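Hi,

Here is the structure I promised to pass on. Please open it alongside this email; my notes follow below.

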Amino acid sequence: LLGCMARPGARPPPAARGSSARLLIMGLMGMSVCVLFMLLHRVSTKDLAGSVSREERPLGPSGANLRSVDASDAARNDGGGGTIGASGWYGGGIAKGGQSVVALPLVPPTETERPLATPKPQPVVTYNPPTPATPVQPHAASAGPNDSYSGMIFVKTYKTASTTVAMILNSIAFKLRLKCLHPLDKGWFQEGELKARVAQGQTFEMSFRHMSPVLELDVLQEIVPDAFLATIVRDPVTKFNSMFNFVQTTREKYRTIENFIAAVKDGRAAINEKNDLCNNLAYSMSGAKESLAGYNLEESQAYAAKMIADFDSRGMFGMVMERMPESLVVVCERMKWDCYSGAIPFKDTQERRNNKGGTVKCKDEACKALIKSVNEIDWLLYEHYVAKLDEEISSIADFESKLLKLKKVMDGSGSNAQKYPVNCKPNVNPAVKEFEEIHHCEGNKII
């Protein structure tokens, strides 16, 4: 063929003519194969694109149900990007230049390998104090320094030395023979449990356990009537550091606080991780199941203002972890307990620690600012209760003398009771009657 093209007027010899025919046939066959291959490839690609784009699998969180931080670690949310479809894990169809870029099926990536997620817009959660089934006692709603209480409700929070306070209250309850509220089973209050026990006529004089799945203050004030209401707060920066190091899986996954907060802000962090470390104090006390992570400053201020107004209307006192002895003086004065002579022995203790694998700390101002940016509601609650503590202290006569006496009791007396039980006691063992009697499931119903 090339020879003919080079010499248009020449006639090739017979041998060349046969060779040229064979080359022409082979060329036509090759072209046919190429055309057929291109058609098949186009059809295959079109089918695959249609199977993915019809379902419009976007990048984003998997949208699993939220969980309460008071519950166990079951039902932990995935939080990664992508959607698991019929053909496996898909990264999603991403618009590019008006066309769909097909994401092929992949092996599901590990937790640390998942693609960046595009966070779904989170609706603003409005804090709505629950309406009680029966009106809250006026005494509980208008509590003041001069009121007389028959019991105490201490709302436990996380990584705030709340277990230390619970142990102190357990010792005081043992000495004063106050009936203590505990779960029936599994170490946690089950959904609807408190309401059912109120309906059975149970009442108690002391509550110092974590509430789950959510805090129900109205029901709690029914089962522990005429009670002084208190909780405990902590500087959100040191609280964040403590929780980050305590939750080993989160610490090992992100390695640094900066990495974790970056994951929160770009949507990669799982919901349970955010609830543990972002506005965790407010989340634990809100009585709502919705997450409070990701609020901007304006939303945080509005939410915190409503929480504070509700708690103040109930007469809630916020102990401050960094000022534990001063806070205990206020509690003892409100409850009219003799915490200064040693008649009620109690001591300071330490909460559980989990620093396996090292301790991560946030020291510089930039890191502290990052923590505050995802804990604005907690920060506002902390500032409020620090100011309230100063007000309480200024109203107590001879405060400094009482503080010194209380510290002496805490340092030297020790506790007069073993640690409270995981669950309430359905029966009283005569051999340990004095202890189990105050932790009985029926509370004041038993003789």
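One side of helix 16 carries exposed residues: Glu 400, Leu 404, Lys 408, Asp 411 and Gly 412. Bear in mind that this is a predicted model.

Which residues of helix 16 are buried? They are Phe 399, Lys 402, Leu 403, Leu 406, Val 409 and Met 410. These cover an arc of only 125° around the axis, so they sit on the same side of helix 16. In general, an α-helix has 3.6 residues a turn, so residues three or four places apart point the same way. The cover over the buried residues of helix 16 includes helix 4 (162-176), helix 13 (324-335) and helix 15 (376-394).

The length of helix 16 checks out too. It runs over residues 399-412, and at 1.5 Å a residue its 14 residues should span 20 Å; the end C-alpha atoms are 20 Å apart, which agrees.

Next, a helix pair. Helix 7 (residues 236-246) and helix 9 (residues 257-266) have axes that come within 12 Å and cross at roughly 95°. Angles of 65 to 115 degrees count as roughly perpendicular, so helix 7 and helix 9 are roughly perpendicular to each other. On the helix 7 side, the contact is made by Phe 240, Asn 241 and Phe 244. They meet Ile 257, Phe 260 and Ile 261 of helix 9. Five of the contact residues are nonpolar, one is polar and none is charged.

Last, Asn 280. Asn 280 lies in helix 11 (residues 280-285). Is Asn 280 buried or exposed? Its relative accessibility is 2%, so Asn 280 counts as buried. Asn 280 and Phe 240 are 40 residues apart along the chain, yet their C-alpha atoms are separated by 9.0 Å.

Best wishes

Technical notes
Residues numbered from 1 in each chain as written. Predicted model: local features only at pLDDT ≥ 70, side-chain atom pairs only at ≥ 80, totals over all residues. Heavy atoms only, no water. Axes fitted to C-alpha atoms, helices over the stretch in contact; angles between N-to-C directions. Helix = DSSP H or I, 4+ residues; strand = E, 2+ residues; numbered from the N terminus. Parallel < 35°, antiparallel > 145°, perpendicular 65-115°, else oblique. Contact = heavy atoms within 4.5 Å. Nonpolar A, V, L, I, M, F, W, Y, C, P; charged D, E, K, R; others polar. Expected span 1.5 Å × (residues − 1). Buried < 20%, exposed > 50% of the residue type's maximum accessible area, 1.4 Å probe, protein only. Arc of directions from axis to C-beta.
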